[in-house]
Amino acid sequence: MTKENLILLADAYKYSHHKLYIPGTEYIYSYLESRGGKFNETVFYGLQYLLMEYLQGVVITKEKIDEAEIELNEVFGRNDIFDRTKFEYIIEQHGGRLPIRIKAVPEGTVTATHNVLMTIENTDPNCFWLTNFLETLLMQVWYPSTVATMSREIKKVVKKYYDETASPASFAGIDFVLNDFGFRGASSVESAGWGGSAHLINFAGSDTIIGSTFAKRYYKAPTAPGLSIPATEHSIMTLLGEPGEKEIFKHVLDSFPIGTIACVSDSYNIIRACEEYWGTELKEQILQREGTLVIRPDSGDAVATLLKVFEVLTEKFGYTINEKGYKVLPPQVRVIQGDGISYSSIPTIYEALKNAGISAENLVLGMGGALLQRVNRDTQEYALKCAYAVVNGKGINVQKNPLELDANGNTRVSFKKSKSGKQVLVKKDGAFVTIPESESAGLKDELVTVFENGEIKTSYTFNDIKTRAQI
C-alpha cells in the first residue's frame with residue numbers, strides 16, 4: 001500500500017465542503033467523462049492502479065487523522081475547516097474503509113467521447129461529502145487513459161501506412177513500431193509506470209521498464225509486456241572522438257553478432273556514417289549477421305534526414321520491391337527515428353516516405369516526452385461532475401449548464417454542460433451510448449461495480465485490457 005495519507009490527497013477547498021453542502025444532503029452521485037478533445041475516441045485505463053494503491057482496505061486511521069489535522073490547520077490558518085469527526089466516523093462505522101461505490105467501464109474499453117466512463121457515490125448518508133472529496137485523486141485516471149488513447153491513435157496512423165505501403169508479411173511488426181523512450185522525460189516514477197503501461201496496451205516496444213512492472217504488479221501481466229533490444233547512446237559512440245567512430249561502429253557489431261541492435265549514428269555526420277561506414281566498410285559484416293542493425297539518426301529535420309538516409313541505404317545495400325510497389329531494405333538493415341516524434345509529426349514522416357517509394361516497414365519510431373509527458377487533462381477534456389443527489393430523502397437531478405460569452409460577446413452553450421441524473425452506458429447498434437438511468441429499461445448497463453465499501457469487486461488482467469483496446 002502507498003505511504004501517502006489519503007486524507008491529504010485532495011484539493012484544499014474540498015475540506016470545507018462538508019459544511020457547504022446544503023443541510024439534509026445524504027447522497028452525492030458523480031460521473032467521469034471525456035468531454036471531447038484531440039481524439040474522437042478514448043481508451044479507459046488505469047483506475048485499477050488507483051484502487052489498489054490508494055483506496056482499498058483500511059485507509060483511514062487515527063494516526064492519519066492526527067497528521068492531517070496538524071497540516072490542514074496550518075494550511076488554512078484556522079481550526080474550523082477540517083473536521084476530524086467526519087473521518088473518525090468512517091473508522092467507527094466502517095473500520096476505516098471507504099463507504100463508496102465506484103462503477104466503471106471495463107478497462108481497455110474504447111468509447112466515443114461524451115460517454116460516462118465511471119460513476120462514484122457514497123453508500124452511507126453521513127458520508128455524502130466523501131464522493132467529491134475523492135475527485136482530486138480519481139480524476140488522475142485522465143493521465144493513463146490519455147496516454148493509452150494517444151498511443152492507440154498513433155497505431156491507427158501506422159496501420160494506415162502499412163496498409164498502403166508494406167508487405168502483409170511485415171504486419172506482425174506493427175506492434176514494435178512505436179517504442180516508449182519517455183521514462184527520463186516523465187514527471188515521476190509513478191507517471192512513467194502508469195503511462196508506460198498504458199502505452200503497452202497498444203505496442204510492445206518500450207525502454208520504460210517500470211511500465212512493464214506496473215502491468216505485472218497491478219494487472220497480472222504474466223511476463224513483461226514491454227520488450228527492448230541492445231542499443232547505443234552518444235556517450236558510447238563519441239568515446240574515441242570523430243576519428244574513432246568507425247572503430248566503435250565495428251565494436252558494436254562485434255559485441256552482438258546475432259539479434260537486433262540499434263546504433264545511434266549522427267554523432268558527427270549521419271550521411272557519412274550510412275554511406276562510408278555502414279554502407280561500405282562494414283557492409284558485408286552487416287549482411288552476414290543473423291539479425292538486424294537498426295540505424296538511428298537523432299538530429300536535424302526528421303523528414304529531410306530520413307529521406308537522405310534511405311536514399312543512401314537503398315543505394316548501398318540494395319532493396320526489393322514489395323507487393324505494393326515500395327522499396328524494402330534487406331532484413332539486416334532498418335532505421336529508427338527517435339527525435340522529434342509526436343502524434344502530429346508521424347503522419348508527415350510516413351507520407352514523405354510513401355511519396356519517395358519507401359515502405360513503412362523500413363522504419364520504426366521512438367517517442368519520449370511527447371508520449372508520456374506532452375499530455376494534460378484537457379487533451380481529452382476529462383471532467384468529473386455531480387449529476388444526482390438526495391437531499392432530505394428527495395432525489396434531485398443535478399446539472400451544470402453555463403451560458404458562455406464568446407470573444408465577440410455573443411452568448412453560446414458551453415461544452416462544459418454536464419449530464420443530469422444517474423447515467424448508464426449502453427450499447428445501441430454496436431456503439432456505446434450514455435443515457436439517463438430512468439430511460440434504460442431492458443438495456444444492459446456496461447458500467448461494472450469495481451469498488452464498494454473498501455473492497456475491489458472486479459479486476460482486470462493486462463491481456464484482457466489489450467484485447468478490448470485492439471483496433
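A pocket is an open set of points on a 1 Å grid over the protein atoms alone, with protein on both sides within 12 Å along at least five of seven lines, whereas a cavity is a set of points where a 1.4 Å probe fits but cannot get out; lining residues have an atom within 4 Å of a point. Grid points are joined across faces, edges and corners, and a volume is the space filled by probe spheres set on the points.

The model is predicted: local features need pLDDT of at least 70, side-chain atom pairs count only at pLDDT 80 or more, and totals for chains, interfaces and linings use all residues. Residues are numbered from 1 along each chain as its sequence is written, and side-chain values use heavy atoms, without hydrogens and water.

**Exercise 1.** Find the residues nearest the centre of the second largest pocket.

Solution. 
- This pocket holds about 300 Å³ of space.
- Among its 15 lining residues, Lys155, Asp175, Asn202, Gln470 and Ile471 lie nearest the centre.
- Helix α17 supplies the largest share of this lining, three residues.

**Exercise 2.** State which residues line the largest cavity.

Solution. 
- The volume of the largest cavity is about 80 Å³.
- Its lining consists of Lys14, Tyr15, His17, His18, Phe82, Asp83, Lys86, Phe87, Trp129 and Phe133.
- Helices α1 (17-20) and α4 (84-94) are the elements that give two or more residues to it.

**Exercise 3.** Work out how α12 and α14 are arranged relative to each other.

Solution. 
- Helix α12 (residues 270-281) packs on α14 (residues 302-317) at about 20°, with axes 10 Å apart. Axes are lines fitted to C-alpha atoms, for helices over the stretch in contact, and angles run from 0 to 180 degrees between N-to-C directions.
- Angles under 35 degrees count as roughly parallel.
- The two helices, α12 and α14, are therefore roughly parallel.

Note on methods. Helix = DSSP H or I, 4+ residues; strand = E, 2+ residues; numbered from the N terminus. Parallel < 35°, antiparallel > 145°, perpendicular 65-115°, else oblique.
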